[in-house]
Amino acid sequence: MRSDGHEDGAGVGGPGSGPPPPRTPAADESVPRGPVRGEPGPAPEVPAPGQGPEAPASPAPGRRAQAAPEPAPAPGEPSPAGPASGGSVPRGPVPGEPAPAGGPAPGEPAPAAGIGALALPYQVVAAIGLALVGVFACVHLAMVFLHVAPANTVTKSHGDAVRWWTFPEFEQNWRLFAPNPLQQNVAVEVRAEYLAADGQRRTTEWIDMTAQDAEEIRGNLFPSHVHQNQLRRGWDFYLGSHDADNRPSGVRGRLAEQYLRRIAMQRLDGEGLDGPVQRVQLRSASRSIKAPEWSAEKTDTRPVHRVLPWWTITAADLPEGVVNGRTEALR
């Protein structure tokens with residue numbers, strides 16, 4: 001008998017034994033391949049009416065669900081580089097997108113700042129304003145320099161313009177740096193002879209006008225120029241235009257006397273006198289500054305007075321707003 005295993009060499013141990021050869025697909029069969037980048041994927045299958053999508057099979061108890069594998073790239077194509085877990089992929093600027101906050105986009109000029117950021121008309125106005133401020137500063141410095149500089153050709157030719165610009169607000173007093181700086185306190189005092197309401201002539205006590213100015217200046221962040229310089233400059237004007245016997249030197253001396261009389265009447269107007277002032281008298285009290293405690297120098301601090309003669313008051317000696325007591329007989 002002959003067994004079936006020996007037919008066609010298919011028996012055990014025969015030439016036809018072993019695993020069958022691999023099967024070659026026929027010409028009409030196609031080999032499945034993965035998706036190719038750039039080609040549209042297959043259209044999704046639409047389930048028939050009444051049929052829903054199949055529910056994914058739940059994993060067996062005690063086993064973790066596995067994520068679906070990503071499709072493999074086609075042969076010969078580079079695999080896409082995905083971001084690391086939890087990270088982000090930086091990207092460069094995209095044309096047409098606004099620049100991020102904090103600075104201009106790469107390759108773009110920085111925005112203008114200052115006057116350059118203004119519109120053209122405002123730039124012209126700002127430039128003109130800066131030019132005017134610069135010209136004013138230069139002129140002011142030149143005028144002040146000519147005022148404090150020694151006499152020269154410019155001050156002799158244009159002295160009036162320099163004085164008009166400097167006085168009274170920009171006057172410079174360089175006595176602090178002189179070889180003999182001021183070492184005295186000078187107080188200007190006044191007393192008046194007036195006609196009281198009962199017809200008697202009475203004389204007031206000496207009134208310290210310099211102390212009144214000091215009281216207005218002390219503790220004031222913006223003291224008035226009048227309180228600082230009016231009386232002081234008026235007294236210096238008088239001393240410079242009179243000799244030691246109080247005789248005036250020309251028109252300037254008589255003008256200095258009238259100026260002091262008007263200052264005195266302005267101060268006496270607030271003293272509450274019950275009658276018109278008929279005569280005034282001024283004097284100065286100069287006291288030397290006491291030497292420091294550590295110095296062996298002995299300084300006489302007693303006041304030295306310079307007393308002026310009595311001046312008769314007329315209507316021309318009354319400044320605006322001064323009534324001269326309770327009557328206007330002298331006007």
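**View A. Strand 1 and strand 2 pair in the antiparallel sense over three bridges.** Strand 2 covers residues 201-203. Strands here are DSSP runs of E with at least two residues, helices are runs of H or I with at least four, and both are numbered from the N terminus. Two strands pair if DSSP finds at least two bridges between them. Glu193 has Thr203 of strand 2 as its bridge partner. Five residues lie between the strands of this hairpin, and Gly199 takes a positive phi near 90° there. The model is predicted: local features need pLDDT of at least 70, side-chain atom pairs count only at pLDDT 80 or more, and totals for chains, interfaces and linings use all residues. Residues are numbered from 1 along each chain as its sequence is written, and side-chain values use heavy atoms, with hydrogens and water left out.

**View B. Strand 1 also pairs with strand 3 and strand 4.** Val188 stands opposite Ser284 of strand 4. Gln184 stands opposite Ser288, also in strand 4. Strand 3 (residues 207-208) is joined to strand 1 by two bridges, again antiparallel. Here Val190 is bridged to Ile207. In a regular strand the side chains alternate between the two faces of the sheet.

**View C. Strand 4 pairs with strand 5 and with strand 6.** Four bridges link strand 4 to strand 5 (residues 304-307), in the antiparallel sense. Ala285 faces His305 of strand 5 across this pairing. Strand 6 (residues 311-312) pairs with strand 4 over two bridges, antiparallel as well. The bridge partner of Arg279 in strand 6 is Thr312.

**View D. Helix 1 and helix 2 pack at an angle of about 115°.** Axes are lines fitted to C-alpha atoms, for helices over the stretch in contact, and angles run from 0 to 180 degrees between N-to-C directions. The crossing is left-handed, a term for a near helix turned anticlockwise from the far one by less than a right angle (clockwise is right-handed). Helix 1 contributes Phe136, Val139, His140, Met143, Leu146 and His147 to the contact. Helix 2 contributes Val154, Thr155, Ala161, Val162, Trp165 and Thr166. Contact means heavy atoms within 4.5 Å. Eight of the contact residues are nonpolar, four polar and none charged. In this scheme Ala, Val, Leu, Ile, Met, Phe, Trp, Tyr, Cys and Pro are nonpolar, Asp, Glu, Lys and Arg charged, and the others, Gly among them, polar.

**View E. Four aromatic pairs are counted, one of them Phe136 with Trp165.** Rings of Phe, Tyr and Trp (its six-membered ring) pair if their centres lie within 6.5 Å; planes under 30 degrees apart are stacked, over 60 edge-to-face, the rest tilted. Phe136 and Trp165 are tilted, at 5.8 Å centre to centre and 45° between the planes. The pair links distant parts of the chain, 29 residues apart: Phe136 sits in helix 1, Trp165 in helix 2. Phe136, Trp164 and Trp165 form one aromatic cluster.

**View F. Helix 4 (residues 225-240) packs on helix 5 (residues 251-268) at about 150°.** The axes lie 9 Å apart. That angle makes helix 4 roughly antiparallel to helix 5 (under 35 degrees is roughly parallel, over 145 roughly antiparallel, 65 to 115 roughly perpendicular, the rest oblique). Helix 4 passes helix 5 in a left-handed crossing. Residues of helix 4 in the contact include Leu231, Trp235 and Phe237; among those of helix 5 are Leu255, Tyr259 and Ile263. The contact comprises nine nonpolar, three polar and three charged residues.
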